[in-house]
Amino acid sequence: MGTITSFDYSQMAWEARRERDALRTRLEMRKRRPPESPEQELAWKRENSILYHMYLEQRCNAELFARRAIARGQAREGAAYGS
């Protein structure tokens, strides 16, 4: 039989924050560079929508994993709820 490994929620929260921050940066860059033509606008908006939904998902994951890390005593200093 295999061994049971517990999740490292503190690490998972850190990774979700990293992804969230990368998506935020990418969205900010896209805002500064709007589409060059009206033909590109629909695709640009669709991509922004997808990226924003991914950002929201990672933001939610970061908060959820941080709470679980604290509840399970896995929170490392500054790791669980860091910005």
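This is a predicted model: local features need pLDDT of at least 70, side-chain atom pairs count only at pLDDT 80 or more; totals for chains, interfaces and linings use all residues.
Local features require pLDDT of at least 70 and side-chain atom pairs pLDDT 80 or more, whereas totals for chains, interfaces and linings use all residues. Residues are numbered from 1 along each chain as its sequence is written, and side-chain values use heavy atoms, with hydrogens and water left out.

The chain contains 2 helices and 0 strands (DSSP runs, H or I of at least four residues for helices and E of at least two for strands, numbered from the N terminus). Of its 83 residues, 25% are buried (under 20% relative accessible area, with exposed over 50% and partly exposed in between; 1.4 Å probe, protein chains only).

R30 is located in helix α1 (residues 9-32) and is buried at a relative accessible area of 15%. Leaving aside residues up to four places away in sequence, R30 touches W44, E47, N48 and L51 (heavy atoms within 4.5 Å). The R30 side chain forms polar contacts with the side chains of E47, at 3.1 Å, and N48, at 2.3 Å (N or O atoms within 3.5 Å; within protein, one able to donate a hydrogen and the other to accept it, residues adjacent in sequence counting only if both atoms are side-chain atoms).

The whole structure holds 3 aromatic pairs (Phe, Tyr and Trp rings, the six-membered one for Trp, with centres within 6.5 Å; planes under 30 degrees apart are stacked, over 60 edge-to-face and the rest tilted). The F7 and Y9 rings are tilted, because their planes meet at 45°, with centres 5.8 Å apart. Ring pairs join F7, Y9 and F65 into a cluster, and Y9 is buried at 5% relative accessibility.
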